[in-house]
Amino acid sequence: MNMSDALRLTNLRGTLKSAEPMARHVSWRAGGLAARFYAPADLDDLQAFLAQLPPREPLLFVGLGSNLLVRDGGFAGTVVLTHAAGLHPQMLGGRLYAEAGVAAPKIARFAARHDLAHAEFLAGIPGTVGGALAMNAGCYGGETWDLVERVVTIDRQGVLRTRERAEFDIGYRHCALRDGRRLGEDEWFAGAWFSLHAGDGDAARGRIRELLVRRIASQPLSLPNAGSVFRNPPGDHAARLIEACGLKGLARGGARVSEKHANFIVNPERRASAADIEGLIAEVRGRVLERTGVDLLPEVRIVGDAA
């Protein structure tokens with residue numbers, strides 16, 4: 001009996017796998033297996049897939065796999081891969097619309113091509129629209145929800161809802177529904193409309209180039225990483241505190257605090273386990289707390305079971 005038969009899944013057009021290595025789908029290139037893994041053909045197919053899953057099935061939506069660590073024991077549920085290279089933004093009703101699986105930098109470039117301003121910072125976010133919405137991702141002075149007019153969510157039954165910005169509690173690296181339903185457990189982002197102002201496309205493209213040059217110069221982009229590990233504490237920067245504690249280059253197993261940017265943990269030889277990375281996060285957090293009194297809060301999501 002194959003997995004589709006066991007779960008009685010029918011009329012699906014996407015790709016369904018079992019025991020899928022999540023190291024292939026997480027930017028740290030580490031982590032365990034997903035019990036089930038589904039890459040939907042499109043949003044309609046995702047609706048059909050979710051409608052057939054058991055109601056208590058653990059679900060994890062993954063885009064580009066940045067900001068995520070799956071423990072070495074794997075994820076005992078279903079992972080849904082939202083990202084697809086063929087997904088692109090589009091103009092709908094005078095607004096820029098993108099599905100959750102669209103890479104955030106595509107929004108910046110699409111907006112610039114259409115002479116729309118203020119989305120340039122999205123070029124520096126190494127994730128998808130869905131992930132950027134879920135954590136209100138930001139960089140270089142901009143935050144995702146500054147641009148959002150309304151969103152589409154999808155629930156466990158595959159039902160789509162259009163929700164206005166006012167239905168969410170938004171903060172620094174924070175997004176939650178005000179009605180008590182839980183993002184990541186009851187509903188997931190399926191798409192968003194962005195409200196952007198008319199601008200100068202050439203200027204926007206120049207700003208994007210400038211931001212990418214800064215990013216390349218300051219971040220260890222050539223090595224597997226998950227972006228910033230810790231949130232910046234009020235009035236300070238996590239990287240400054242970590243560097244001040246002399247923790248650049250600190251290693252555990254195959255994981256290491258980047259010498260280029262102290263708020264990045266890298267997997268330079270792709271041999272780090274998820275436990276190495278999680279242990280190094282805890283060690284950095286503990287040492288900074290001991291020496292400075294500041295408790296750095298991780299912004300990376302850690303899921304699954306220990307080995």
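User: Which residue in S5 stands opposite Arg 36?

Analyst: This is a predicted model, in which local features need pLDDT of at least 70, side-chain atom pairs count only at pLDDT 80 or more, and totals for chains, interfaces and linings use all residues. Residues are numbered from 1 along each chain as its sequence is written, and side-chain values use heavy atoms, with hydrogens and water left out. S2 and S5 pair in the parallel sense over four bridges; two strands pair if DSSP finds at least two bridges between them, and strands (E, at least two residues) and helices (H or I, at least four) are DSSP runs numbered from the N terminus. The residue in S5 that stands opposite Arg 36 is Thr 78.

User: In what order do the four strands of the open sheet stand?

Analyst: Six bridges join S1 to S2 (residues 33-39) in the antiparallel sense, with Leu 16 opposite Tyr 38. Four bridges join S3 to S5 (residues 75-81), which run parallel, and Phe 61 has Val 80 as its bridge partner. The pairing in the sheet is mixed, and the order is S1-S2-S5-S3.

User: Which strands stand at the edges of this sheet?

Analyst: An edge strand has a single partner strand, so one of its sides is left without a neighbour in the sheet. The strands at the edges are S1 (15-21) and S3 (59-62).

User: Are H3 and H5 roughly parallel or roughly antiparallel to each other?

Analyst: The axes of H3 (residues 104-113) and H5 (residues 201-218) come within 8 Å and cross at roughly 155°; axes are lines fitted to C-alpha atoms, for helices over the stretch in contact, and angles run from 0 to 180 degrees between N-to-C directions. Angles under 35 degrees count as roughly parallel, over 145 as roughly antiparallel, 65 to 115 as roughly perpendicular and the rest as oblique. H3 and H5 are therefore roughly antiparallel.

User: Which residues in H5 do Ala 108, Arg 109, Ala 112 and Arg 113 of H3 meet?

Analyst: Contact means heavy atoms within 4.5 Å. By that criterion, the four residues of H3 meet Gly 201, Ala 204, Arg 205 and Ile 208 in H5.

User: How do the residues of the contact of H3 with H5 divide?

Analyst: Ala, Val, Leu, Ile, Met, Phe, Trp, Tyr, Cys and Pro count as nonpolar, Asp, Glu, Lys and Arg as charged, and the others, Gly among them, as polar. The residues of this contact divide into four nonpolar, one polar and three charged.
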